[in-house]
Amino acid sequence: MTPITIPTDLWEGDDETVITSWFASEGAAVSEGALIAEIMTAKTQYEIHAPASGRLHILRDVDAVVAKGAVIGEVT
């Protein structure tokens, strides 16, 4: 299992972000480096890429407010 985490070093200021979309569905096969989600801070949107190849398991839904470093899914 490889966790999908919210980066801690992309922006300063806000400690939280919102998951705006998942581009792969629960249980989908994903390839390492593939775009799988987007998050939005107060001013900027960021892309989240798969940290490994395998099956995606989503732990936090779209519109969830999450902290930097939070685990939002995993690849198994």
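**Entry 1: E74**

I looked up E74 and found it buried (under 20% relative accessible area, with exposed meaning over 50% and partly exposed in between, 1.4 Å probe, protein chains only), yet without a salt bridge. I took a salt bridge as a side-chain nitrogen of Lys or Arg within 4 Å of a carboxyl oxygen of Asp or Glu. The nearest side chain of opposite charge, R60, is 12 Å away from E74; Lys and Arg count as positive and Asp and Glu as negative, while His and the chain ends are not counted.

I note that this is a predicted model, in which local features need pLDDT of at least 70 and side-chain atom pairs count only at pLDDT 80 or more, whereas totals for chains, interfaces and linings use all residues. Residues are numbered from 1 along each chain as its sequence is written, and side-chain values use heavy atoms, with hydrogens and water left out.

I listed the contacts of E74 (heavy atoms within 4.5 Å). Leaving aside residues up to four places away in sequence, E74 touches M1, T2, P3, I4, R55, L56, H57 and L59.

**Entry 2: the sheet around β8**

I placed E74 in strand β8, residues 71–75. Strands are DSSP runs of E, at least two residues, and helices are runs of H or I, at least four, numbered from the N terminus. Strand β8 belongs to an open sheet of four strands in the order β1-β8-β6-β3, with antiparallel pairing; two strands pair if DSSP finds at least two bridges between them. The edge strands, β1 (2–5) and β3 (29–30), each pair on one side only. I found three bridges joining β6 (residues 54–58) to β8, and I58 stands opposite G73 in β8.

**Entry 3: the whole chain**

I counted zero helices and eight strands in the protein. Its radius of gyration, taken over C-alpha atoms, is 12 Å, close to the 11 Å that the globule rule gives for 76 residues, so the protein is as compact as a globular protein of that length. The rule is 2.2 Å times the number of residues to the power 0.38. Buried residues make up 37% of the 76 residues.

**Entry 4: annotation and A34**

I read in the unreviewed UniProt entry that "domain: Lipoyl-binding" covers residues 16–73; such annotations may be inferred rather than shown by experiment. That span is 0% helix and 53% strand.

I found A34 in the loop between β3 and β4 (35–40). A34 is partly exposed, at 27% relative accessible area.
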